[in-house]
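Open the model in your viewer and keep the selection tool ready. Each stop below says what to select and what is there.

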Amino acid sequence: MSQKLKISDIWALGFMTFAFFLGAGNIIFPPQAGLLAGEHSLSAMTGFLFTAVGLPLTGIVAVAVAGGGWHGLTRDLPKSVATLIAVLIFIIIGPAFAAPRAGLVAYEMGFKPFISDAGQLELTIFSVVFFALAMGFSLSQGKLIDTIGKVLTPALFAALAVLAIAVFVAPQGTIGAAQGEYLTQAFTKGFLEGYNTMDTFAALMFGMLIVDVIRKKGISDESTTCKYLIYAGLIAAAGLAFVYISLFYLGATATGLGEGAANGGEILAVYVQALFGPIGLVILAVIIVLACLTTVIGLISACSDYFSSLTKISYRNWVVILSVACGVVANVGLNQLIAVSVPVLFALYPVAIALIALTFVRRFMVNPKLAYRAVLAVTFLFSMIDALKVAGINVSALKSLPLFEYGMAWLLPMVVTLVVTSFIGGNREQKTQTV
């Protein structure tokens with residue numbers, strides 16, 4: 001069997017990866033950040049690109065370096081701890097938050113504007129249809145690269161390209177003054193806003209799914225699989241950067257149009273309508289629904305793939321279970337879940353970042369087991385401080401910690417622990433070479 005993919009398959013794989021990442025948060029957060037950052041948009045956008053493009057790409061590469069799976073990434077952790085981290089991440093990016101949010105945004109921006117007096121019944125009907133479509137695509141696991149990479153994503157990218165060109169050719173306003181935290185902490189604020197995309201989590205989990213898709217195309221060689229996984233990550237990263245830069249610029253030039261908007265979705269809607277008139281809402285609806293649908297397909301597929309490996313329940317049954325769960329959550333309790341999920345993001349995102357960093361320096365460590373356990377424990381301990389602060393709990397007694405005010409109290413302790421544990425442990429026999 002051939003150990004090479006056709007050029008068309010490589011691009012389709014990259015487009016599929018791009019589509020998995022590009023969901024609701026990726027489209028609605030940059031316009032609002034751009035509007036608030038104003039004249040400091042370049043600095044804020046750089047911070048955002050770091051966490052929303054750089055880290056996911058690094059995560060994909062880390063999955064490849066570790067051998068293409070969660071086991072390789074977490075081989076030096078106790079199995080129970082590795083499984084717990086994976087389950088928590090999959091719950092967050094799957095049925096508890098990201099997937100239902102994508103469905104709800106698809107309804108609010110891609111369907112509701114065309115229906116007068118839309119209420120709970122319309123949301124329920126839309127949710128049933130939307131998640132049934134996602135379930136249908138997810139059930140065809142072996143055909144993901146063909147159905148998403150070669151059909152849905154090109155249509156999505158074409159619509160995004162039309163919007164991006166229009167934004168740069170005919171901006172609808174001037175760049176205004178920076179507001180709030182963007183006045184003095186534009187880069188850091190943008191960096192933290194990138195958490196909301198959840199794409200660093202997704203990279204670690206989608207990496208496993210993409211490897212599975214590559215292998216279903218007849219590629220079994222590890223080094224070849226690694227190469228194609230990195231190609232997919234590079235194509236996806238380029239696409240994401242293109243989208244974010246155009247949406248940041250859209251937000252920055254929305255002065256006057258976006259004033260008083262409750263979120264980036266509203267900014268995007270009024271801007272697109274100003275650019276294209278009534279047809280603009282149709283263009284936006286196509287972009288939003290396709291972006292959200294492809295992401296939900298990726299999330300449901302990745303979650304089902306992992307949970308089926310932990311239980312006796314089959315992949316197909318997990319697809320049905322998770323699709324139904326996402327549809328239910330999209331209808332009830334999402335606001336409460338958002339309130340809970342943001343602190344969880346602040347607690348676990350640094351752990352994902354630390355895990356990626358460890359993957360790249362593992363081969364230089366004297367005692368990887370000690371290093372992994374110490375670094376992740378310290379990172380989680382200090383990230384909990386930021387999580388508690390975001391949850392509204394008073395932790396001002398710890399404000400003397402470095403980077404506390406920036407929401408990154410975990411960073412320095414993580415780096416120090418990483419450096420120290422790289423040189424202690426002594427037992428070189430414990431070290432195994434990274435695949």
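A salt bridge here is a side-chain nitrogen of Lys or Arg within 4 Å of a carboxyl oxygen of Asp or Glu. This is a predicted model, in which local features need pLDDT of at least 70, side-chain atom pairs count only at pLDDT 80 or more, and totals for chains, interfaces and linings use all residues. Residues are numbered from 1 along each chain as its sequence is written, and side-chain values use heavy atoms, with hydrogens and water left out.

**Stop one: the salt bridges**

The structure holds five salt bridges. Select Glu-193 and Lys-189: they form one of these, with their closest N and O atoms 3.6 Å apart. Both residues lie in helix 9 (residues 186-193), four residues apart, which is about one turn of the helix. Helices are DSSP runs of H or I with at least four residues, numbered from the N terminus.

Buried means under 20% relative accessible area, exposed over 50%, and partly exposed in between, using a 1.4 Å probe and protein chains only. Glu-193 counts as buried at 17%, while Lys-189 is partly exposed at 21%. Glu-181 is partly exposed as well, at 44%.

Next, select Arg-215 and Glu-222. Their salt bridge has its closest N and O atoms 3.2 Å apart. Arg-215 is partly exposed at 36% relative accessibility, and Glu-222 is partly exposed at 39%.

**Stop two: helix 1**

Select residues 7-21, which make up helix 1. This helix has 15 residues and reaches 21 Å from its first C-alpha to its last, close to the 21 Å expected. The expected span is 1.5 Å times one less than the number of residues.

How many of the residues of helix 1 are buried? Eleven of the 15 are, and the helix is mostly covered. Among them are Asp-9, Ile-10, Met-16, Phe-18, Phe-20 and Phe-21.

**Stop three: the cysteines**

A disulfide is a pair of cysteine sulfur atoms within 2.5 Å. A search of the whole structure finds zero disulfides. Cys-303 is in no disulfide either, and the nearest cysteine sulfur, that of Cys-326, is 7.5 Å away. Cys-292 is buried, with a relative accessible area of 1%, and Cys-303 counts as buried at 1% relative accessibility.

Key: Helices (H or I, at least four residues) and strands (E, at least two) are DSSP runs, numbered from the N terminus.
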